[in-house]
Amino acid sequence: MAGNFKKILLSLTFVVVFGLYVIYQKNTSGGANPVVDTLQTNPSQINNNQDIAMAPMSKKNKFKNGQYTGNSVDAFYGLVQVQAIIAGGKLTDIKFLDYPQVDDASLSRSNHALPILKSEAIQTQSANVNAVSGATETSRAFGESLSSALSQAI
Amino acid sequence: MKETRFLMGMPVVVEIVDANATQESINKIFDYFKYVDEKFSPFKETSEVSKINNGLIKEKDYSQDMQEILKLAKQTKEEAGGYFDITDNNGKINPSGIVKGWAIFNASKLVQEIGFKNYYVEAGGDIQVSGKNSNGEPWKIGIKNPFNNSEIVKIVLLDKNQGIATSGTYVRGQHIYNPKNRTEEMTQIVSISVIGPNVYEADRFATAAFAMQKEGINFIEKLSGFEGYMINKNGMATMTSNFEAYTK
């Protein structure tokens, strides 16, 4: 049962953080974020529940200005820790204080002749699949660290 | 028969399609993941990794699994030109980057040893498939949209015993700085998915390729038996030359 509760709590945290994100993206003035312009995904496809979950928070709980450091969270590959920057009562930036990565200190690779690889704009697919490959563990840790940072700003 | 449990800080899924699948065999697979977590978690004080990092175990007393992981990590570091290292600046080890794919692959071998042919094992988005899905078709695997957790942006069909792994972050828009160089933004590339002969191979090379950022897809292109799909922060994807063979 404790495990289930943890799962629910985690999911809930994620929904809340994602919702915050939606608000953050909407509040960011145009041009600041090239991702939104070029992405094929329609932002309106974002799950309604996430918008709804966040709506009351954005109106009632204006964040206090300042910098808030979140907990350091286990992402299995390493620790994730973020700092939330609040200005004008809004989440304006998120800085990564710690992020799992492999050592990139050595070696820059020489470039041999390679074929020109095909590129495309990503597009949302609707078909059913058996399983999904994605980087989930980092995003979960990100969500946890960010929500602990923001809880200090309320 | 399909079950999901939360282990090693991530969801772990086992689906066995064969009609004679039992709860007992599913439990065996999850027990294996539990064992791996207890042994290799750098965040559990009682794990062998923590004991090594705290100087409590001498090298000659390392378990066989630990010795194998250290050997594989060393080999991967060499093959990835240094873009893969389980040792940090203080000399402590965190072998998680190699353990995850290794554990999924070993778990899948366990399913096979029990006698099943059609199944998949997944941990945190890295997947080993075998045989066919419940419709008798190739396993249909979606590549997650790194900008929206609930969407997929590509479907690959795996009909051999193969693995697929994705390394990256779903984080979008905001700045992610390299912890070692705070002025450098890390995320030109937000995700790279790699299909390989098994999930162990796919995972370790996906991890290394992501660390190489935009050079990562060229690294995968040069590896024979591997294909990759890399997504940059503007939502543009680049694929290796034979990747599309898996999308039809």
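Of the 248 residues of chain B, 60% count as buried, where buried means under 20% relative accessible area, exposed over 50%, and partly exposed in between (1.4 Å probe, protein chains only). This is a predicted model, in which local features need pLDDT of at least 70 and side-chain atom pairs count only at pLDDT 80 or more, while totals for chains, interfaces and linings use all residues. Residues are numbered from 1 along each chain as its sequence is written, chains are lettered from A and ligands numbered from 1 in the order in which they are written, and side-chain values use heavy atoms, with hydrogens and water left out.

User: How many helices and strands does chain B have?

Analyst: Helices (H or I, at least four residues) and strands (E, at least two) are DSSP runs, numbered from the N terminus. In chain B there are six helices and 12 strands. Contact means heavy atoms within 4.5 Å. Among the contacts in chain B with a separation of 6 or more, 55% come from residues 24 or more positions apart.

User: At what angle do α3 and α5 of chain B pack?

Analyst: Two packed helices are described by the angle between their axes and the distance between the axes. Axes are lines fitted to C-alpha atoms, for helices over the stretch in contact, and angles run from 0 to 180 degrees between N-to-C directions. Here helix α3 (residues 64–79) and helix α5 (residues 199–211) of chain B pack at about 55°, and their axes are 11 Å apart. That makes α3(B) oblique to α5(B): angles under 35 degrees count as roughly parallel, over 145 as roughly antiparallel, 65 to 115 as roughly perpendicular and the rest as oblique.

User: Which residues make the contact between α3(B) and α5(B)?

Analyst: From α3(B) come B:Leu72, B:Gln75, B:Thr76 and B:Glu79, and from α5(B) come B:Tyr200, B:Arg204 and B:Phe205. These residues divide into three nonpolar, two polar and two charged. For that count, Ala, Val, Leu, Ile, Met, Phe, Trp, Tyr, Cys and Pro are nonpolar, Asp, Glu, Lys and Arg are charged, and the others, Gly among them, are polar.

User: Is B:Ser47 buried or exposed?

Analyst: B:Ser47 has a relative accessible area of 0%, so it is buried. B:Ser47 sits in the loop between α1 (23–40) and α2 (48–53) of chain B. A polar contact is a pair of N or O atoms within 3.5 Å; within protein, one must be able to donate a hydrogen and the other to accept it, and residues adjacent in sequence count only if both atoms are side-chain atoms. The side chain of B:Ser47 has a polar atom 3.0 Å from the backbone oxygen of B:Lys44, and it reaches the backbone nitrogen of B:Ser50 at 3.1 Å.

User: Where is B:Gln128 found, and which backbone atoms lie by its side chain?

Analyst: B:Gln128 belongs to strand β4 (residues 126–130) of chain B and is buried, with a relative accessible area of 4%. A polar atom of its side chain lies 2.8 Å from the backbone nitrogen of B:Val199 and 3.4 Å from the backbone oxygen of B:Gln162.

User: What about A:Lys90?

Analyst: A:Lys90, in strand β4 (residues 90–98) of chain A, counts as partly exposed at 40% relative accessibility.
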